Amino acid sequence: MKIYLFLQRSFLLYFFILWNTALAEPDPEILKSGEKLYNGAGSCVACHMPDGNGQPGTIPPLAGSDWLDNPDRTIAITLRGLAGPVKVNGKRYYSAMPPQLLFDDEKIAHIITYVNNAWGNNGPAVTKEQVAEARANLPPELYSPASILKAFPFEKKKQKANGTFKPDFDDALTNVTEPVVYRTFMPGASPAAFAVALPGNQFFCWDAGECRLRYAWSKGGFIRGNKVHWSSNGKPVAEFNGVPYYRARSSLLNPEDYEHLAKTNRKTPFYDTSEAPDFPIVIEGIDELPKFKGYRLVDGGYPEFRYSLGAHEIREWIRATEDKKGIVRTFTIDPAVAITFRLTPDEEAILSSLAGKIAADGTLQLSAKEAAGFQITILEKNPAPPLVPGAVPTAPSAN
Amino acid sequence: MKRFFESALVFACSAGILFANTPPEYTVTRVPNPPSKFETKQIDGLDFLPDGRMAVCLPSGEIFFYDTKADQWQLFAEGLHNPLGLVAVSNSELIVSQRPEVTRVRDTNGDGKADDFEVVSDGFGMSGNYHEFHFTPVRDKDGAIYFALGTGSSGDGVRSIVRGKFDPRGRPGRMHASTPFRGCVMKVTPDGKTIPWSYGHRTPNGLGFDLKGNLFVTDNQGDWVGSSKLFHVKEGRFYGHAPSLTWKEGFKGAPLETDPEVLAKMRTRACVVFPHGTMANSPTQVLAITPEANFGPFTGQLLVGEMNKSRVMRILLEEIGGELQGACVPFIGGSPMPGGCNRLGWGPDGSLYVGHTKHTWAGSEGITRIEWGGELPFEAVSMNLTKTGFRFTFTKPVDREIAANPATWPFKRYYYQYHRKYGSPQIDLTPVPVEAIEISQDGKTVELALAELKAWHIHELTVAGLKAEDGTPLANTNFVYTLNRLLENTPPDPLQFGGSASRGGGGSEPAHLAKPIPVVDPAGTVYQAEDARRDGPALQTGNSGFTGRNYADFGTGEQSIEWVVKSEKAGEGKVMIRYALAGGGRPLDLVVNGEKVETLPFSDTGGWKSWGDLTRPVMLRKGDNRIALKTIGKTGGNIDHIQIVEP
């Protein structure tokens with residue numbers, strides 16, 4: 001009798017699902033509306049990207065995401081937001097999802113229905129009634145990874161690859177509150193390199209072998225694999241998840257070389273620094289390579305690099321812009337002298353200086369007075385989405 | 001709990017239970033580990049500040065200070081690139097060797113944390129090869145700084161962008177020097193100029209001065225280094241590892257295309273050789289026993305650490321014919337001191353601190369402290385060359401009866417070949433009988449006259465069963481004296497090189513190397529292949545370097561070679577098989593008295609003219625025994641002879 005009842009219930013459930021699915025077969029009009037809303041200015045697309053792949057290390061993908069297996073969970077995250085480190089399809093993401101307050105029930109239903117069926121996804125349609133019910137009944141707070149997983153758990157076989165994780169030391173280097181300075185092997189730089197993380201999640205590689213900023217990035221967190229790197233024989237080249245938004249000119253590298261810049265096993269190098277031509281500061285009459293002199297930690301741990309060109313000592317201090325959308329390089333030159341600063345044009349970044357004049361060849365011309373102290377700002381054209389403070393802990397204090 | 005554990009260790013040491021070599025008058029304790037955020041406890045640099053605190057650096061790039069009295073660690077600096085040595089200048093200033101630079105690390109605002117990192121020297125290249133380590137800065141009394149640059153490994157290449165000039169002449173080889181001054185000891189003059197000071201180093205993990213201001217550096221066995229070594233560093237000299245010659249002014253051509261005889265003539269010999277496998281495989285820092293050290297009656301001698309073993313060695317040097325040479329002997333070693341004895345320093349109380357590391361090789365982590373209790377250990381204070389042999393001086397009077405027995409002093413001699421190949425066998429290994437023994441009135445000095453003293457040969461003995469008058473056994477018995485020069489009439493250096501230009505080794509052996517008779521043990525008996533019963537293998541002479549009249553050349557199919565060897569008694573003996581095999585991969589079964597013992601994995605000897613050996617324990621009967629090598633489907637290598645050491 002019990003068995004019969006169970007079968008009957010299962011049968012009913014099965015029927016219900018079939019009926020429900022059949023009913024929710026996505027309407028092309030709704031999909032079209034959802035696509036438009038998804039791709040609207042400042043909407044989902046800004047973070048999750050047009051292809052739904054998100055951004056490595058920060059924004060999880062929607063295309064093929066295991067997290068879409070429960071529409072109620074998707075509705076809950078969309079309405080209430082989710083802050084904290086999450087694992088999606090086995091990969092780690094640190095950024096937070098803010099609650100979507102601008103869309104009504106119908107719009108949210110259209111967006112989720114679109115997401116559930118775009119990029120090869122094959123999920124159910126969501127109705128505005130479902131969204132309305134959730135809006136009325138869900139707890140009002142922002143979800144944490146723990147609370148969302150408790151309310152909408154994963155089936156067992158997906159639990160390992162999806163959920164949350166305890167941030168380790170690598171993770172802690174994202175969202176630092178003080179600058180972090182590491183000498184280590186960096187891709188795309190001479191072996192005498194610096195990796196620096198700034199408060200505001202601006203990261204850069206500075207090359208002591210050529211006395212210049214090599215590149216800057218903001219997405220995907222700071223360098224990773226530190227534990228291995230700093231306890232082994234020292235061979236690994238540091239890795240990071242993001243793509244630099246700014247790369248300084250490297251006229252001895254071809255675009256295709258960039259794929260090989262982290263490799264260690266070459267027979268000969270692409271070039272050596274004894275004739276590196278890309279030092280950006282040109283002083284008339286001085287035809288020699290800059291010399292690296294060291295660095296000082298200033299203003300709470302920012303590295304101020306110092307190097308010389310001829311008899312002139314140059315100091316360079318890099319910090320994040322106030323809006324955290326780029327970096328400011330502050331230079332001093334002593335004794336002051338007129339210089340030409342060869343700016344590197346960059347598609348992903350906007351370079352600017354308050355002082356001096358841009359010459360016809362694109363270089364920045366500074367008089368001796370201006371060159372005594374000047375700033376160059378590098379702004380990212382497509383800045384990283386904001387990280388919610390506290391999403392990951394700050395770098396552990398050594399004391 | 002931790003405290004209890006440490007006390008237990010101290011007890012175990014004092015009771016003389018756990019250690020292998022450490023004299024019982026010395027105790028070994030662990031120091032708590034620095035609180036690295038990377039969880040590594042490897043110690044790559046160690047020195048003491050004027051105020052008595054210990055400074056250590058870790059592979060993580062962190063530098064910590066340790067107050068030995070308060071048992072407190074404090075982070076001083078972080079973010080350095082694999083620093084492998086530091087020297088304290090003041091309580092707030094260190095000189096640190098890190099991969100890209102020698103750096104002056106200072107706390108300028110008095111908050112206890114470094115805030116200024118000044119380049120003292122970056123006047124050298126980096127190919128980005130992980131093996132290009134930058135070792136131990138030391139300072140002389142004038143303020144000059146010396147540091148040592150490791151070569152790159154063929155286990156990896158170079159990076160896409162290298163620092164400094166890239167020179168392809170230095171790129172080939174097992175260990176390479178493709179950017180400036182890799183494989184050199186460097187000097188930063190007091191006025192700040194960086195200059196190459198000596199050439200020919202492979203992995204010079206450790207510089208140090210003696211009390212007279214002589215500079216020493218160690219090197220690791222490998223290509224061009226037959227066995228690990230200690231060199232007395234002098235300006236402009238070349239110490240044997242070829243690739244760094246790329247950067248020597250006036251050196252023409254490519255080092256690896258240069259005739260090894262030319263290189264052998266250029267090189268300066270080591271003042272001490274550490275036999276591979278028994279004494280040291282990877283020697284580290286050099287530290288003089290200062291008058292302030294409280295470490296027994298050895299002031300002025302040098303200590304050298306060893307990575308692969310739990311071992312700190314003592315070095316007994318003397319000047320002969322205008323150059324330093326002498327002996328090494330194990331000193332501190334065995335549990336509870338771990339291996340990886342990488343960095344050494346004297347604590348404010350005169351005890352020795354040892355920093356341990358591994359970097360994925362053999363070794364360990366953490367810090368140990370070795371304290372002398374004040375009682376005299378029974379050790380040799382010195383080993384000096386005489387006109388006829390050696391004179392040992394001991395800390396205590398010896399047992400005259402044991403000391404007067406020639407069997408107590410089983411000397412042997414040999415040399416390591418100088419060649420491009422990795423390592424070297426012990427060549428011309430010959431027992432050297434003691435012909436006369438004279439014991440001084442006070443019983444502390446023993447003069448040994450040897451049947452022959454041969455210049456340019458290593459003379460080694462493991463003193464057998466010597467006790468002091470009071471019954472104390474000699475704590476450390478293995479003495480290896482690198483006899484380059486005799487007190488008078490030293491013959492010219494026979495060079496003892498092998499290989500030819502741009503070849504890995506082998507090649508035509510120079511005349512003085514013809515027919516070397518390698519012996520694993522002076523007590524062994526050689527049985528030549530031509531005297532064996534052969535079923536298949538042909539006798540050949542085409543590849544030089546074999547002993548006797550022929551060697552046996554295995555063909556394919558079922559083939560075997562069998563010797564009948566004699567043993568005085570039953571028990572476990574040893575068989576050493578001398579063979580040559582280019583490329584490896586030709587195993588043979590070892591069959592003793594009709595029973596298969598094991599399949600022997602004969603490895604590549606580096607060419608058909610390059611002979612190696614393989615040693616296995618074998619159970620022997622009293623009387624005749626049959627020892628055979630049989631094919632297992634494939635062919636085998638060339639077999640020169642076997643040697644049997646009886647039980």
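This is a predicted model: local features need pLDDT of at least 70, side-chain atom pairs count only at pLDDT 80 or more; totals for chains, interfaces and linings use all residues.
Let's look at where domain 1 and domain 2 of chain B meet. On the domain 1 side, 21 residues take part in the contact, and domain 2 of chain B puts in 19 residues.

So what supplies the domain 1 side that touches domain 2 of chain B? Three strands of chain B each give at least two residues: β20 (272-274), β23 (311-320) and β24 (323-333). The largest share is from β24(B), with seven residues.

Right, over to chain A and a helix pair. Helix α4 (residues 71-80) of chain A and helix α6 (residues 128-137) of chain A have axes that come within 10 Å and cross at roughly 60°. Because of that, α4(A) counts as oblique to α6(A). If you're checking the handedness, the crossing of α4(A) and α6(A) is right-handed.

And which residues meet there? From α4(A) you've got D72(A), I75(A), A76(A) and L79(A), and facing them from α6(A) are Q130(A), V131(A), A134(A) and R135(A). Sorted by type, the α4(A)–α6(A) contact residues come out as five nonpolar, one polar and two charged.

Methods: Residues are numbered from 1 along each chain as its sequence is written. Chains are lettered from A and ligands numbered from 1 in the order in which they are written. Axes are lines fitted to C-alpha atoms, for helices over the stretch in contact, and angles run from 0 to 180 degrees between N-to-C directions. Helices (H or I, at least four residues) and strands (E, at least two) are DSSP runs, numbered from the N terminus. Angles under 35 degrees count as roughly parallel, over 145 as roughly antiparallel, 65 to 115 as roughly perpendicular and the rest as oblique. A crossing is left-handed if the near helix is turned anticlockwise from the far one by less than a right angle, and right-handed if clockwise. Two residues are in contact if their C-beta atoms, placed from the backbone, lie within 7 Å. Ala, Val, Leu, Ile, Met, Phe, Trp, Tyr, Cys and Pro count as nonpolar, Asp, Glu, Lys and Arg as charged, and the others, Gly among them, as polar.
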